Amino acid sequence: MGLFVVRHRHPPRRCPAEDPAAASELLHHLSRANAARAGVHIEGEAVVSGDHTLVLIVEAAGEAAVRAFMAPFERAGSVEILAASSCARVVANGGCTAPAPAVDSLVPLLAPDEACQDAVEAGLVVHRAHPLNCETSLPDLVGGVVMPTARFYVRNHFHIPTLDAATWRLDVGGLVDRPLRLTLDDLRAMPARSAVVTLECAGNGRSLLEPRVDGEQWGLGAVSTAEWTGVPLVEVLERAGPRSEAREVVFRGADRGTVDESATTVDFERGLSLEEALESEALLAYAMNGEPLPIQHGYPLRLVVPGWYAVASVKWLTNIDIAPDPFLGFFQVDRYFFEWQSGGRTEREPARLQRVRALVVSPQPGQTVEQQLVVRGVAWSGAGGIQRVDVSVGEGEWHIAQLVGRRERGSWQWWEAMVSVDRPGPTTIRARATDLAGRVQPERPDWNRLGYGSNPIQQVPVVVTAGSHLGPAPIGEQAGT
Ligand SMILES: Nc1nc2c(c(=O)[nH]1)N[C@H]1C(S)=C(S)[C@@H](COP(=O)(O)O)O[C@H]1N2
Ligand SMILES: [Mo]
């Protein structure tokens with residue numbers, strides 16, 4: 001189907017709307033049902049006031065179908081038919097005259113404009129339409145630990161593959177005694193486990209770095225939490241039986257493309273050492289919040305590695321390969337590591353566990369608040385649970401916040417603090433998390449060449465108005481909790 005803009009004009013003296021019979025005939029001709037019979041889907045229609053001009057937006061197989069349908073208008077005046085495109089498609093293609101993005105894929109792909117349109121409509125903050133990259137809007141985080149799937153951030157490096165679960169297989173091979181070829185039904189028949197896990201992109205917060213670092217300019221919303229259900233990775237590894245020389249487990253997704261300026265195609269692949277794979281409590285997840293994984297989050301199967309930066313959680317998983325040596329693929333050694341200069345030397349360290357961070361969800365930056373207010377948000381760390389969160393107003397002393405709900409490995413936890421502010425006027429709220437390993441957020445971000453793991457104490461500017469009225473009751477005091 002193609003999209004078209006149609007413009008009809010007629011001379012004022014031949015305005016068909018002035019003749020009741022002709023006018024009603026045209027109205028019926030333009031009804032959605034009549035148009036559909038002619039193979040034309042009318043998306044919208046309007047008449048430019050005082051200008052004898054009608055504009056239609058229609059979908060049809062081709063221009064000929066539109067032309068045939070517009071015949072009654074052609075008799076009354078002129079008809080122009082312009083090939084058109086949705087805004088999302090133009091943006092996904094990179095401009096009004098740019099061709100569609102190049103495709104190098106072995107599997108069918110999700111139309112980039114549709115994925116982008118859905119994300120915008122769900123309220124995600126789209127940074128790039130193709131490949132689709134969008135973050136969660138922080139005010140949307142209200143509610144429970146788990147958030148609505150449609151608002152979960154999306155991070156892609158390539159086109160989004162649409163895999164057919166009926167023909168999809170997970171191949172487990174390499175240094176194993178029993179190579180496996182599993183269907184989705186095979187996996188569903190194995191003992192299932194569910195876990196609430198927070199995924200965070202290693203680039204979350206990159207836009208706060210100074211000097212600026214190239215790469216996706218994430219605010220603070222490249223992080224989200226869902227309940228994932230699937231088969232523990234260890235179960236599948238044990239079934240396959242790694243041989244004694246096995247050292248590394250390599251996970252491959254079905255998406256691929258070119259990277260940097262290079263012409264060669266790379267698959268999205270990541271490795272974990274066998275030890276990490278066995279100890280990580282990773283899941284081979286086929287469900288997210290009780291529903292089959294959505295396409296953009298890895299349908300039909302993805303890896304979910306609790307506590308790790310989410311690059312480890314390979315989507316659209318098709319292969320698990322057990323290897324004798326550490327994996328050296330692009331997304332393992334050319335990206336997703338910290339790199340600093342120290343004393344003329346370059347130091348590198350892979351981005352593995354999520355650093356500790358607290359996010360203020362309420363109030364939001366720029367909001368007006370009263371002198372007594374409740375500050376609340378989430379906090380997480382890949383090194384274990386959150387030990388404490390402290391809140392401070394206007395560079396004042398730190399107040400300990402109350403942690404809400406259960407502490408779960410790999411999941412963020414809500415916290416809240418009631419604070420009072422001495423004086424009305426502009427001020428800044430800060431929240432600082434400390435994890436059970438004793439790691440605490442730094443004042444300033446730890447700048448590194450690729451801009452990963454930026455977790456400084458968040459600063460939320462607000463304006464305080466005079467008044468002692470309390471905001472909404474703290475979560476712990478609401479009815480039913
Ligand atoms: N196959 C595949 N898996 C992938 C990626 C990808 O581009 N392709 N991106 C990774 C990165 S960098 C992140 S942050 C998470 C994002 O997961 P989400 O889109 O479900 O939020 O997926 C990871 N897994
Ligand atoms: Mo990421």
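1. Before going on, some housekeeping. The model is predicted, with local features needing pLDDT of at least 70 and side-chain atom pairs counting only at pLDDT 80 or more, while totals for chains, interfaces and linings use all residues; side-chain values use heavy atoms, leaving out hydrogens and water. Residue numbers run from 1 along each chain as its sequence is written, and chains are lettered from A and ligands numbered from 1 in the order in which they are written.

2. Who surrounds the ligand? There are 18 residues around ligand 1 (a heavy atom within 4 Å), and the closest are Tyr153, Asp255, His297, Arg302 and Lys315. By type, the shell splits into 10 nonpolar, 4 polar and 4 charged residues. For that count, Ala, Val, Leu, Ile, Met, Phe, Trp, Tyr, Cys and Pro are nonpolar, Asp, Glu, Lys and Arg are charged, and the others, Gly among them, are polar.

3. Now the polar contacts (pairs of N or O atoms within 3.5 Å). Lysine 315 puts a polar side-chain atom 2.6 Å from an oxygen atom of ligand 1, and a side-chain N or O atom of histidine 157 is 2.7 Å from an oxygen atom of the ligand. Serine 313 uses its backbone instead: an N or O atom there lies 3.0 Å from a nitrogen atom of ligand 1. Taken alone, ligand 1 exposes 530 Å², and the protein buries 100% of that (Shrake-Rupley method, 1.4 Å probe).

4. Strands are DSSP runs of E, at least two residues, numbered from the N terminus, and two of them pair if DSSP finds at least two bridges between them. Arginine 128 stands opposite asparagine 133, and 4 residues separate the strands. The loop between them holds proline 131, joined to histidine 130 by a cis peptide bond with omega about -10°.

5. Phenylalanine 338 has glutamate 349 as its bridge partner. In the turn, glycine 343 has a positive phi of about 55°.

6. The bond from tyrosine 299 to proline 300 is cis, with omega near 5°; proline 300 is in the loop between E15 and E16. Histidine 52, in the loop between E2 and E3, has a positive phi near 55° despite not being glycine.

Definitions and conventions: Polar contact = N/O pair within 3.5 Å; in protein donor to acceptor, adjacent residues only side chain to side chain.
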